[in-house]
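Try each one on the structure first, then read the solution.

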Amino acid sequence: MVTGKLERMRELAVCLNEAARFYYDEDREIMPNIEYDRLYGELAGLEKETGVVLSGSPTARVGYETLSELPREVHESPMLSLDKTKEITELADWLGDKKGLLSWKLDGLTIALTYRGGLLFKAVTRGNGQIGEVITGNARSFVNLPHKIPFEGELVVRGEAVIRYSDFEKINEALGADAVKYKNPRNLSSGSVRQLNSRVTAARRVRFYAFSLVKAEGAEFQNSREEQMKFLKSLGFETVTYFPVRGDGLAERVIWFENEAAANRLPSDGLVLIYDDIAYGVSLGRTSKFPRDAVAFKWKDELRETTLREIEWNTSRTGLINPVAVFDAVELGGTTVSRASVHNISILEELALGAGDIVTVYKANMIIPQIADNLTRSGPGSMPRSCRVCGGRAEIRDNSGVKFLYCTNEDCLARKIKAFTHFTSRNAMNIEGLSEATLEKFIAKGLIREFSDIFRLAEHREEIVKMEGFGEKSFANLIEAIDRARNATQIRLLYGLGIPNIGLANAKLICRACAYDWRRVQNIDKDTLAEIDGVGEVMAEAYEAYFADEKNRKLVAKLLREIIFRPMNEAIEEQ
C-alpha cells in the first residue's frame, strides 16, 4: 500500500514540476491554477500521511553549497570491498543450503547516509574503506533521495551513487561532437558526487540506490536482509533490483540477470550475493579485506579472437586524426562487430597493433567494442605523415602524457565537412537536408566556403538542381529549412561555431550569464567566464582565444547579417 502511495507521489512531483517549469521559465500554462493547487494539495497530503518527502518534490527546496575542499571522516564501521568469483558453481557452493539475496552490483560510487530525526544528517563516500569524504550537500541534490523519512531514530544506509546511461549520453552529447567526452558513467558519477559545488552535482542527475541497511535504532527485521530491504523501500528509498534465492534456483536467476544486463539502464559490473540470515552473516566475521557474509559475481567478458586487417585514420573537425581498428567481423552480445576505436596513439603503441595481428575483442559494459589484447603484437607500424583526406602534414602532439595525431592543415576538407556538419546539426542551427554527404558535394564545388555561405545557397539554384540527388522539390525544401534556421537563438549559434570544448550545456550557461546579449557573449573575458559554474579555466582560455582571432570575428560578423535572434523567452523555450 505504501509503495503505491510513493509511486503516486513521484507522478505528482513530475507533473507539478513540469507545470512550474512552463509557467515560470516559458510564461505558459499547461494546467489551470485550480488543478495545480489540487494536485499540490494531494502531494502534500500524501507526504504527511507517509512521512516521506521525495527529492524533487515541489514542497521541498534544496539550497546549493560551495566548499573549498571536502572534509574527511572516519567510518564507524569499515566499508570493505567484496571477494569475487566468475563461476556460478563457486557462487552456489558459497551459498550452500542458505537463503540469499541476489542483486545488481552497480558501478558507481558507494555512499553511506545517516538520517536523524527523519532528516538527512550526513553523507560520506566509501573512500579507502576507513576514511571517506563528507558530501552531505551534494547528496541532497541526488535526483531520487528522500529528503525526509518516516523514521525518527538514527538510520544508516549504504548504497551506490550512479548516473543512468541515458543521462550519461545526454551529458556527453551536450559537450559537442569533438569535445573530450566522459569515458563512462562510473567515472562521471564519482566526479559528480565529489564536486565542491553541489549545483554541479545536481546538474549531473546523480541517483542513489540502497543496497544495505547498517543501522535502524529500535527497528526489528525478523533477522532478515530481505525485510530490511522492504523497510528501506517503505521509507522512500529506491533499492537495487534483488531477488531471494536458494541453491537450486541460483543459476537460473544469474542467467536472468545476464540476459537483462544489456538492457539495464544503470551501469553494473556484476552481481552481489548476501546471506539473508543477518545473525549468521555477522557470526562469520571478516578478513582484513572482505566481509564473509557477501560475495561478488563478476561477468566473464565475452572475448572473440579475430584478425586485424588495418588501422583507419579518420580526421575530425578539430583536426584530430583518430585511429580505428578494422578486423574480421565477429559476433559479440548478439551483434556483428568489425570496428573498434583505438582512441589515441598511446593506446595504439601499447597494444602494438599491426595489420594481420590476431587480437581479442570484447564489448566494454556489454556495449562498446574494444580491443582487449594483441596476441601477436607485430606493430605498431609508422604513423601517417599526412592526412588521408587533404594530404596536409600530420603531427603527433602530447596532451597530459597521452599522444594524439593531428592534421595541421586548417583548410583540410575533412575538417571543414565535420565543422559544417556540426554547424547544421540538430542541436546547433538545425538545418534539415544538409547531410554530411550533401555538404561534401557543396564544399567540393566551392558553393560553401564558410558558414554564412549556407544562407546564400539560393543564389546557386541552377547548379544545385542539376546535381545528383537534387531536383526542384528537394532544392525548395532545403531553402525552406535554411530560412527557418535564420530565426535562431544565441545558444544555437554559439554551440554551432564549434569552439573547442564548448558543448550545448556550456553554451546555455554562457548565454544565460550574458542575458542572451550576443555582444556580451562574444566579448566576455576568460576571468568572467571562469566564474560561471561548469566553465573551467582551460575552457575559458580557449573561448577567449576563439573570439580574439580576427578571422573568427569576421566569420561571426557575416553570420550575424544572415540571422535574427529570437526574444529571450523563446530562446529558453526552445533550448
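**Exercise 1.** Is Phe-257 buried or exposed?

*Solution.* Before starting, note that this is a predicted model, where local features need pLDDT of at least 70, side-chain atom pairs count only at pLDDT 80 or more, and totals for chains, interfaces and linings use all residues. Residues are numbered from 1 along each chain as its sequence is written, and side-chain values use heavy atoms, with hydrogens and water left out.

Now the step itself: Phe-257 has 0% relative accessibility, so it counts as buried (under 20% relative accessible area is buried, over 50% exposed, in between partly exposed, with a 1.4 Å probe and protein chains only).

**Exercise 2.** Work out how the rings of Phe-243 and Trp-256 are arranged.

*Solution.* Step one: the ring centres are 5.1 Å apart and the planes stand at 75°, so call this pair edge-to-face (rings of Phe, Tyr and Trp, the last by its six-membered ring, pair with centres within 6.5 Å; planes under 30 degrees apart are stacked, over 60 edge-to-face, the rest tilted).

Step two: Phe-243 sits in strand β9 (residues 242-245) and Trp-256 in helix α9, so the pair ties together parts 13 residues apart in sequence (helices, H or I of at least four residues, and strands, E of at least two, are DSSP runs numbered from the N terminus).

Step three: Phe-243 is partly exposed at 22% relative accessibility, and Trp-256 is partly exposed too, at 31%.

Step four: Phe-243 also forms an edge-to-face pair with Phe-257, at 5.8 Å centre to centre and 70° between the planes.

**Exercise 3.** Find what the side chain of Asn-144 reaches.

*Solution.* Start with the place: Asn-144 is in the loop between α4 (136-139) and β7 (155-162). With 7% relative accessibility, Asn-144 counts as buried.

Next, follow its side chain to the backbone nitrogen of Phe-208, at 2.8 Å. The Asn-144 side chain also makes a polar contact with the side chain of Glu-238, at 3.1 Å (a pair of N or O atoms within 3.5 Å; within protein, one must be able to donate a hydrogen and the other to accept it, and residues adjacent in sequence count only if both atoms are side-chain atoms).

**Exercise 4.** Which residues form one aromatic cluster with Trp-518?

*Solution.* Look for Tyr-543, Tyr-546, Phe-547 and Phe-565: together with Trp-518 they form one aromatic cluster.
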